Amino acid sequence: MTSGAPEDWYRWIPEQITAQEYEALPEDFCRTIEVIDGHVVKCESASRLHNRVARRLAAVLEQGRKPEPCLMVETDVDVRISDVPLNLRRPDVTVYRCLPDDRRLYAGDSVLVIEIVSPESSFRTDTVDKKAAYAAAGIPVYLIVFLSESQDGIEQIEEYRLSEGRYHLVCLHTRRLSLDGPIPVDTTFRELSDG
């Protein structure tokens with residue numbers, strides 16, 4: 001969707017934006033940002049390996065879904081944490097309870113989120129900031145996928161489960177990802193990352 005606005009229209013975005021102002025932004029621009037306490041944060045373009053791993057994780061989760069409970073799997077979709085101040089993140093992969101496509105996706109609808117950490121991304125953002133935000137929002141499972149420094153595969157996947165309002169590391173996956181839920185998964189790192 002294009003807005004017909006000048007190419008540098010984004011320079012006029014206020015220092016803090018409201019949920020209503022966010023809704024008025026062009027859709028293609030919204031796909032490149034997150035909003036933290038009303039402040040727009042630009043997301044850097046991901047590597048091909050990063051995108052491939054996200055796609056394949058989503059495909060494995062999609063294949064493992066059962067009819068009940070009804071769960072959906074998406075990549076790079078807005079997950080609204082709060083409306084005031086506006087807080088939204090775009091996890092690399094999100095598993096959430098089924099809801100109509102026209103309904104906004106809130107963190108409370110999400111049952112699992114995955115962030116992929118690569119050398120070009122912000123290590124602190126995914127391992128500290130987002131982990132705290134997702135835990136505070138009550139998302140039951142958080143996976144952090146670490147790509148190798150050489151960008152040729154997955155180094156490890158940390159699996160966190162929510163308990164008493166904070167995440168606890170329950171498993172450090174080193175060669176394969178095996179999950180019991182919310183969707184059962186058993187796949188090798190090679191299947192997720194090989195070109």
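Strands β1 (residues 33-36) and β2 (39-42) form a hairpin with 2 residues between the strands, and in it Asp37 takes a positive phi near 50°. Helices (H or I, at least four residues) and strands (E, at least two) are DSSP runs, numbered from the N terminus. The two strands pair in the antiparallel sense over 4 bridges, where pairing asks that DSSP finds at least two bridges between them. Asp37 itself sits in the loop between β1 and β2, and its positive phi belongs to a residue other than glycine. Asp37 is partly exposed, with a relative accessible area of 40%; buried means under 20%, exposed over 50%, and partly exposed in between (1.4 Å probe, protein chains only).

A word on the model: it is predicted, so local features need pLDDT of at least 70 and side-chain atom pairs count only at pLDDT 80 or more, while totals for chains, interfaces and linings use all residues. Residues are numbered from 1 along each chain as its sequence is written, and side-chain values use heavy atoms, leaving out hydrogens and water.

## The six-stranded sheet

Let us move on to the sheet. It is an open sheet of 6 strands in the order β3-β6-β7-β8-β9-β10, with mixed pairing. Its edge strands, β3 and β10 (166-173), each pair on one side only. Neighbouring strands are turned by 20° against each other on average, direction ignored. Strands of a sheet pair through backbone hydrogen bonds, either parallel or antiparallel. Here β8 and β9 run antiparallel and are joined by 7 bridges; Phe146 has Gln156 in β9 as its bridge partner.

Two helices pack on this sheet. Helix α3 touches β3, β6, β7, β8 and β9, and its direction makes about 155° with that of β7. Helix α4 (residues 123-136) touches β7, β8, β9 and β10, and its direction makes about 175° with that of β8. Contact means heavy atoms within 4.5 Å; axes are lines fitted to C-alpha atoms, for helices over the stretch in contact, and angles run from 0 to 180 degrees between N-to-C directions.

## What lies inside

The largest nonpolar core has 26 residues, and those with the most contacts inside it are Leu61, Ile114 and Val145. Such a core is a set of buried Ala, Val, Leu, Ile, Met, Phe, Trp, Tyr and Cys residues joined through side-chain atoms within 4.5 Å. Elements that each supply at least two residues include α3 (48-64), β7 (110-117), β8 (141-147) and β9 (154-163). Helix α3 gives the most, with 6 residues. Leaving aside neighbours within four places in sequence, Val145 is in contact with residues including Val53, Leu57, Ile114 and Ile157. Apart from this core lies another, of 15 residues, among them Val79, Ile139, Tyr142 and Tyr167.

Thr94, in strand β6, counts as buried at 0% relative accessibility. Not counting residues up to four places away in sequence, Thr94 touches residues including Met72, Val73, Leu112 and Val113. Thr127 belongs to helix α4 and is buried, with a relative accessible area of 11%. With the sequence neighbours up to four places away left out, Thr127 touches Ile144 and Phe146.

## The largest pocket

The largest pocket has a volume of about 710 Å³. On a 1 Å grid over the protein atoms alone, a pocket is an open set of points where a 1.4 Å probe fits, with protein on both sides within 12 Å along at least five of seven lines; lining residues have an atom within 4 Å of a point. Grid points are joined across faces, edges and corners, and the volume is the space filled by probe spheres set on the points.

Of the 27 lining residues, the closest to the pocket's centre are Cys43, Glu44, Ala46, His50 and Asp92. The elements that give two or more residues to the lining are β2, α3, β7 and α4, and α3 gives the most, with 4 residues.

A cis peptide bond joins Glu68 and Pro69, with omega about -5°; Pro69 is in the loop between α3 and β3. Another cis peptide bond joins Gly181 and Pro182, with omega about 10°, and Pro182 is in the loop between β11 and β12 (185-188).

Glu164 has a positive phi near 55° in a residue other than glycine. Glu164 lies in the loop between β9 and β10 and counts as exposed at 81% relative accessibility.
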